Amino acid sequence: MNEAQKLWWEQAKSDHAVFVLLRRAGVHECHMLHYLQMAAEKISKAYLWRSGTAPPRSHVGLMPFLQALLSRGLGRKERQRIAEIFDYARPEDMAAWVRQVSPLAHELQNLTPDLSNNGPNTEYPWPHENPVHCPALHSFALWARLRDREPGRRLVKFIEKAIQRLEQYA
Amino acid sequence: MSVATFNRDSIAATYAKRHKETDPAIRAIYYLPTEAPPNEIRLVEVNEAITGTAGPEPIDFGVDAGTPNEHKLIVFDVTPEQWEEVREGTLPLPKGWTLEGSREISGGRLRRRK
């Protein structure tokens with residue numbers, strides 16, 4: 001792991017620790033989603049820094065990370081090793097799961113104000129020009145899907161695993 | 001003015017109904033109230049769509065903080081095979097959990113486990 005990866009990893013761990021505190025406290029959904037999105041973004045950047053060059057400065061979410069983990073460019077042996085690190089028997093099994101959760105992953109990475117298309121986001125009231133909603137009072141459909149469905153809960157656990165096990169696959 | 005009191009059984013049944021309705025892969029949901037703190041809802045969800053080789057792990061969520069209904073929801077997702085192992089005692093439940101007094105509430109109704 002290079003120095004840049006270590007720095008992004010430290011921030012991912014810290015953001016995720018706050019997410020866990022917030023999740024257990026049951027605070028407004030916007031705050032839980034905000035920290036989960038930030039932790040996912042930072043572990044994604046920590047992995048993508050393995051090339052030694054900076055990933056895009058803007059919000060790099062889960063999807064580029066998941067796609068990079070499954071990239072055929074890694075070779076079959078490495079993809080097998082990564083699948084096993086994430087508790088899948090084969091890369092194909094992990095790829096099938098990624099296809100299943102990709103709508104959730106997309107939605108999570110698009111929760112930032114600049115990607116939210118002037119709609120629901122975790123930080124600012126919207127629409128920008130004439131606000132009628134604020135994050136703290138909004139019930140996020142995404143949070144319900146993360147909490148109330150097994151694929152959602154597994155995505156939350158996957159992000160945790162990705163942070164805990166980075167040293168094994170970075 | 002009356003103050004609403006937390007009804008754990010009712011809220012557990014509401015979760016079970018919602019989860020069953022939104023996840024067609026759920027085979028059964030069990031509610032395990034015995035030895036749980038008063039504001040904690042423990043659910044075991046038997047789900048046939050779980051893939052991967054990881055052992056099951058519970059995940060907890062705080063809900064409705066600062067309201068009379070403040071509680072913790074903990075969900076333990078298992079495959080049908082893992083559920084059989086739990087029943088046989090070869091796969092442990094999370095620490096402090098017991099099947100004693102558990103009830104199946106898959107349809108949003110409470111039934112004693114057979």
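Me: Why are helix 5 and helix 7 of chain A called roughly perpendicular?
Reply: They pack at an angle of about 75°, with their axes 10 Å apart. Angles of 65 to 115 degrees count as roughly perpendicular, under 35 as roughly parallel, over 145 as roughly antiparallel and the rest as oblique. So helix 5 of chain A is roughly perpendicular to helix 7 of chain A. The axes are lines fitted to C-alpha atoms over the stretch in contact, and angles run from 0 to 180 degrees between N-to-C directions. Helices (H or I, at least four residues) and strands (E, at least two) are DSSP runs, numbered from the N terminus.

Me: Which residues of helix 5 of chain A meet helix 7 of chain A?
Reply: A:Gln100, A:Val101, A:Leu104 and A:Ala105 meet A:Pro151, A:Gly152 and A:Leu155 of helix 7. Contact means C-beta atoms, placed from the backbone, within 7 Å.

Me: What classes do the residues of this helix contact fall into?
Reply: There are 5 nonpolar, 2 polar and no charged. Ala, Val, Leu, Ile, Met, Phe, Trp, Tyr, Cys and Pro count as nonpolar, Asp, Glu, Lys and Arg as charged, and the others, Gly among them, as polar.

Me: How is the model made and labelled?
Reply: This is a predicted model: local features need pLDDT of at least 70, side-chain atom pairs count only at pLDDT 80 or more, and totals for chains, interfaces and linings use all residues. Residues are numbered from 1 along each chain as its sequence is written, while chains are lettered from A and ligands numbered from 1 in the order in which they are written.

Me: What makes a set of residues a nonpolar core?
Reply: Its members are buried Ala, Val, Leu, Ile, Met, Phe, Trp, Tyr and Cys residues, joined through C-beta atoms within 7 Å. Buried means 20 or more other C-beta atoms within 10 Å of a residue's own (exposed: 12 or fewer; partly exposed: in between). The largest such core has 40 residues, and A:Ile43 is among those with the most contacts inside it. Helix 2 of chain A gives the largest share, 11 residues.

Me: Which residues does A:Ile43 touch?
Reply: Leaving out residues up to four places away in sequence, A:Ile43 touches A:Ala12, A:Ile159, A:Ala162, A:Ile163 and A:Leu166.

Me: What does chain B contain?
Reply: Chain B has 2 helices and 6 strands. Their pattern along the sequence is α-β-β-β-β-α-β-β. Of its 114 residues, 24% count as buried.

Me: How many residues of chain B are in contact with chain A?
Reply: 24 residues of chain B are in contact with 17 residues of chain A. Strand 3 of chain B supplies the largest share of chain B's side, 5 residues.

Methods:
Contact = placed C-beta atoms within 7 Å.
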